[in-house]
Each structure stands twice: as C-alpha cells, then as structure tokens.
Amino acid sequence: MKKKRTQLFALGNEAVVEGALLAGCTFFAGYPITPSSEIMEVMAQRLPMEEDSVFIQMEDEIASMGAIIGASLAGRKVMTATSGPGFSLMQELIGYGCMVEAPMVIVNVMRGGPSTGLPTSPAQGDVQMARWGTHGDHPIIVLSASTVQQCLDMTITAFNFAEKYRTPVILLLDEVTAHTRERFELPFAEEYEVFSRITPSVPPEWFHPFQDSLRGVPPMPPLGAGYRVHVTGLTHDEMGFPTQRPEEIEEAISRLFRKIDQFYPDIMMVEEYKTEDAEVAVIAYGSVARSAHHAVDRAREEGVKAGLLELKTLFPFPRPQVVKLARRCKCLLVPEMNMGQMSREVKRVNNGITRVRTINRVDGRIITPTQILKNLTQI
Amino acid sequence: MAATKKGLTTVAIYPDWCKGCGLCAAFCPKKVFEMDPVAGKARVVNEEECVNCGFCELHCPDFAIVLSPKNTDTDSSNNPTAKAKP
Amino acid sequence: MSEVTQLIHHYLRHNKKFPHMLCAGCGHGILLGSLIRSVHNAGLSKDEVVVISGIGCSGRLAVYVDFNTIHTTHGRALTFATGIKMANPELVVIVLMGDGDALSIGGNHLIHAARRNIGVNAIILNNEIYGMTGGQCSSTTPQDCFSMTTPFGQLEKSFDIVDMALASGANFVARTTAFHAQLTDEVIGQALANPGFNLIEFFSPCHTQYGRKNKYKNAIAMYQDLKSKTMDVDKYKALEESKREGVMPIGVFLKRDDPALETRYAGVRAKLQEAKQKKAEAAKAAQAKPAKAKEPKPDKGAKGKETKQDKGDKA
C-alpha cells in the first residue's frame, strides 16, 4: 500500500521551520521582526521539545548572528530569521561567517524598504544586498522560494548547501510567500537528502584547519573535540593564524571562491515552465513567479508563446540557463518588486543577445498575473 | 614559594623575549635586576639577594623571567608539564 | 615559584612568534599569564576551554594560547560566547574583551549577557583607551584626560564597569589590576568555579597610547599609580565617604550562585521531556483500556490490529 505524506496547512514561515527541523537544525537564535516573526515563534515552541536542540532570543540581530556562528563552530546546524532592517544589521557577521567558513542559514523575509519601509508589505529589494551586503570580496549562496511547499524544500536545500560548502546561505522570501497559508506536504525521509558537515578524520596534530583540497572545503571539527583550532576573521593561512603574506592571502581568498565556483551545476537551481518553444520568457522568483506562472498560462490561451524561468537560486546567478533562454527568445521579461535588481543580472548575462524588458513595482503591492500578461501580449 | 631565604634562587631572563619594560627592575624589593642601557633589556645583577618572592615572574608581561631553586634537581616533581593535563 | 614561567610556556602555542606583539609594559601579558595559571589550577584540560576575544589589543591575546580560540568581530565576542555555551554547556567559555569592545560597541551585549546570566567568564581588559587604532578616547577614558580624539580633555563621564555589571545582574563581579597578579589569579579561579555570568574588570595600563598623553613618564609610573591608588574593596567600604576620592577599590564585589541560563534551559527541557513521556504513556494506557472494554464487540479485525501494534511498540 502506498503511504500517504503528512499534509499540513500553514504559513510559508511555518514551512520554513518544518524544513529546518527535517534538515537537522538544532540551534536557532533570533530577534523578532515583522514579517519573519512566525519562524521564531514556532521555533521557540518546537525546538525545546526536540532532541538536544536550543532556542534563544537575543538582544538584537547582530547578537543573533553571533550566537548562531558560535553554535555553528560548536558543531550545530544553525539558523536565524529576519527581515530588511535586521538583515542590514547582520551584514558584518555574514562576512565573518564567509571568512571563517561557518555553515549557517539566514532567512530574510523581504519587506518594503529602504529603512523601516513597509513592515507588512512585500518587496524584493534585498536581492543585491543579499549578494553584496557585507564588505569585502566573498562568495555567497542565495536561494528563494515561491510557494509554501518550496519554503520547506528550499530550507532543506539551504541547510545542505551550507553544510556541504561551509558557507552562509541566505534564503530570500518575500512577505507574500511567508504569509501565504496553504497546503503542503512533509516529504518522507527517503525523499530528501540531508547533508552534514565533514569532520576531520586525521589526528589533531596533523590537522590543518583551512587546508586546500580537491573539493576546496576543509573538514570542520566542533569545538572541544581536541583540535583546538584558532578561528579568526582576519585573513588567515591554512593553520588558521592571521597572515600578511601575499601568496597566502591569495590562496585563502581564491579558495573561498573556488569552493563555490566549481559546484555551480549543483548549486544553480531553476524551474522551467513551457520554455521549450517559448518566444517570450518571463524570468521571475519569489511570489512574482506565481503570478508569472498564471500569466504564462493565460498568454498561451491568447496565442502568445510564453514561458517561465523560475529562479530558485539567485546567486550564484544561473547564467547558463538564462543565456540558453536568451538565445532562443525574442524577449526576456523580468518582473520584480523592486526598481530592477535581478534584471541587472539578466541584462549582464544577456549582453545584447536579445531584448530585456522589466516590470518594476515598488508600491507595496504584488505584481499581478494581469500586469505580466499585459506586458506579454504587448511584446 | 618554597624558599624565602636569600641566595637559594637562580634568576634567569630570556633576552629574546624581554622587551625592556623595566617592571622587574622597578618593583623588585631586593633590587636584583638592572636595566641594561645598551641592550635596553633587564639583566640580573644581584642574584644572591633574591628572596624568591615571585613578583617578577608573575608580573613579567612577556614571560621572560624564570626563577628556579639553586640546586636544580631535574626530577619530575619540578616539571610543571607533568602536572598539566594534555 | 620555579614552575610559573615554564607552566605558561606549556600553554602557549608553540608555532606562534614570541614575544607577543603587545608593547613593552602592557598589562595584557600579565593577564594572559594569570589566565593560564588559573585554568591550570582549576584542573581544566586544554580541549574544554574556549577563549573568545573581540577586536583590539585584547583581541590578539587569543591567538597565543593553546585552547580552542576564536577571534571575533568588534564587540560581539559575548554573543559568540552565548551561542557556544548554549550549544555545548560542557565547554568552559572565557571571553577577553577590551573596554571599547565591552562597553562601547558591545555595551548592549554586555548588559544582556549579565541579565541573561549565561555561563560565561568575561574579562574586560580596561586600558581606558583605544590602543590598537592609535589612542582615541573610549567610554572608560576618565573625565578631563587626553587622547587623540579628546585633545582638549575628555568632556564626557566614564563608565564604571563594576557598577554596570552589578546593576545588570551578573553573578560574580570583581576588579583587579595588572599590578595585582596574585589577586587576578585568585579572582579568575573563583570565576571559573562559579556558575552564571562572571565579570572581571582588569585594569591594564597602556603607556604607549594613554600614558604618554597623560603625563606618565613611563609604563612603570602607571604601575606605581595603580599600586598607590588601589585598595581592597572591604577596606574601601569601611572608608569615610569623603576619603574615597581617587581611591580604586579592588577585589570581589559580588559573588552569588544563581543557576545559569543553560542550566535553566536544561531544566525546562527535562520537564518537557517528562511531560511528553507521560503523555505517551497515558496514550498507550488509553489505547489498551478501550481494547479490553470493546471485547464483546464484533469488530475483531480492528482489535487484532491494535494488539499487533502494541507488540510492535514493545519490540
């Protein structure tokens, strides 16, 4: 007999929690902020019940980041959740996380900005900040989700990427996705993969904590396991000690990039919908992708050969998939709830191959299927 | 603080580690140290006067002073590393 | 005393360059020695000790000792410590912060760590100045003193770290100075044995950046000053109000053993687990009872299934 999956009816935010728990998250630190607070509330309820799990509310978002990096170094799978203003505060420590290669997941439920902006309205204005928010040259993985089911799936993916590549992973939701209440299913244990960080197998005296390898991702011992590593935000050599030597600095920083770069095919996730014969393609992410999905269907009814490329990975930007589409289509349409942040990326990789049109909306309302449809039929 | 009598202690300075702050010379109750004006570092001049109070050893910011009993027997009871857990 | 320095050498990282990078006469080295001796005397292994530091001169201390060491960002050392202690309460967490770290950029974290009573030993190395960045005034620079950014004298009042820690709810509060290494050893030892948030203020003279601008001839003059103006806290309390001017009390100001946050959290978890277990048992009992009561009913198939499940559970 076929088993039935557990079905739940809940918010996107709650699905994030379910995903995190399935992925093995055992530590959450956060600070309340609309519209991400539900993640924290449900975590506060659930984590103390779970096996060996910790929930703590910190005094601000900076402290939340500090706490999760500390817990990550102590061997936990960690997460925090926030929204625009809190995300701004977190930036310094996201850079620290990149530098010391601490696996962690940061959920940013985007709301209208800048500054306090529109706490209860959706926007997608943090896209470039998620990529370039912290100072210094660094690689980072940014994911997004458009449905409640995807909130769960992408949270699991985010944890896996974080642990696999020892890097902070940012999950960008928007207020609409986070506050949509709909049905979703919990996958069976055999239906998803859970990846945990690799711990060193050599004795402590042989261990070089930041040594290069084929994968470029060094094993990570938890604190107290006998390895006595020095962890620093200063540029460090392969022993973890601060260095000023140009050759060591070069090696350290280029390895940070290479460990992400060489796994692009694994990391870049997109979903294509009716793109095989599309003449006009919509490139969208987050809740806008749902509107685009409807718009594509309706455009097809009206005889326009439309397709949708939904970006699940925002950064590293899925260049091959977008270029492939650009070569086939007459026009790419990029609707987003900002003044054009992802469309910059699309235009960059398009590099004159085809026409790129944008739809921008910054009034705190979602982009509707009708709005996209109007643009699709005009092209 | 085993011995408090004069003349029972050897005082050694690691010249490589001494930065010449002069704390030992200034606060030694028995004036065992002197600042070497050429090298800019402390040197031992009155070892016989040392009463093993331990001030210099505790207060040397650079861990450059070692006090040890004069008739140095090198058995393990004198070896601190044996006590320390790995 | 013969073993003091050798003991310290045993705990230093042998692949680091010595002498350390601190200036001649800097008190930070004395604290480092005290810390090592206290950890050794407490009988802790190197593996179970985590030393977390912030940014600045004090931040550089962590790299020299052979413990688990973390050099964090400016002011956030306590937040890392909170995460680590909650994630693994077995670890002994020691936080080294400068005055800028602990009171200016990280002031919020300090009072909240104290309020939370997280099981962390925080040592604030107070040199009354920003040493690493070139001698700018800090929130503990005394009024009317000079620095690079207060060339005409500091106008603002300075923080009293001990008062602040007492007010925010720390479990253990002490003050000591670079001139009192023995007291420092003792105080750190007491803190390591005490649960909850323990705070030690360690006065560490900085001649390079502070002394030079404030009419101290050399580092020794600053130590002499510490020697003359400090007084044991009990004696200080007995002193008349009018004679307290310019006297710095040192010693242990407060010691209590309120349960730490991680202990309280473990307590809540234990309660929840117990309730969960009871609920599961009650559900089991409830499942068994109606099965018996339903015996005369013809629904045999269902009953058979239930007993099978029970057996499965037990297996």
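## Pockets in the model

A pocket here is an open set of grid points with protein on both sides within 12 Å along at least five of seven lines. With that in mind, let's take a tour of this predicted model, starting with its largest pocket, which holds about 850 Å³ of space. Its lining is made up of 35 residues, and those closest to the centre are C:Glu128, C:Ser158, C:Phe203, C:Lys229 and C:Met248.

Which elements give two or more residues to this lining? They are α6 (161–168), β6 (198–203), α9 (219–229) and β8 (248–255), each belonging to chain C. Of the contributors, α9(C) provides the largest share, with four residues. Sorted by class, the lining of the largest pocket contains 17 nonpolar residues, eleven charged ones and seven polar ones.

## The second largest pocket

Next comes the second largest pocket, with about 530 Å³ of space. Here 18 residues form the lining, and the ones closest to the centre come from chains A and C: A:Pro242 and A:Thr243, together with C:Lys16, C:Lys17 and C:Arg60. By class, this lining divides into seven nonpolar, six charged and five polar residues.

## Cavities: an overview

A cavity is a set of points where a 1.4 Å probe fits but cannot get out. How many cavities of 30 Å³ or more does the model have? The count comes to five.

## The largest cavity

The largest cavity has a volume of about 140 Å³.

For the second largest cavity, the volume is about 110 Å³.

Which of the elements gives the most? That is α2(B), with three residues. As for residue class, the lining of the second largest cavity has 13 nonpolar, three polar and two charged members.

Note on methods. Residues numbered from 1 in each chain as written. Chains lettered and ligands numbered in written order. Predicted model: local features only at pLDDT ≥ 70, side-chain atom pairs only at ≥ 80, totals over all residues. Heavy atoms only, no water. 1 Å grid on protein atoms, 1.4 Å probe; cavity = no way out; pocket = protein on both sides within 12 Å on 5 of 7 lines; lining within 4 Å. Points joined across faces, edges and corners; volume = space filled by probe spheres on them. Nonpolar A, V, L, I, M, F, W, Y, C, P; charged D, E, K, R; others polar.
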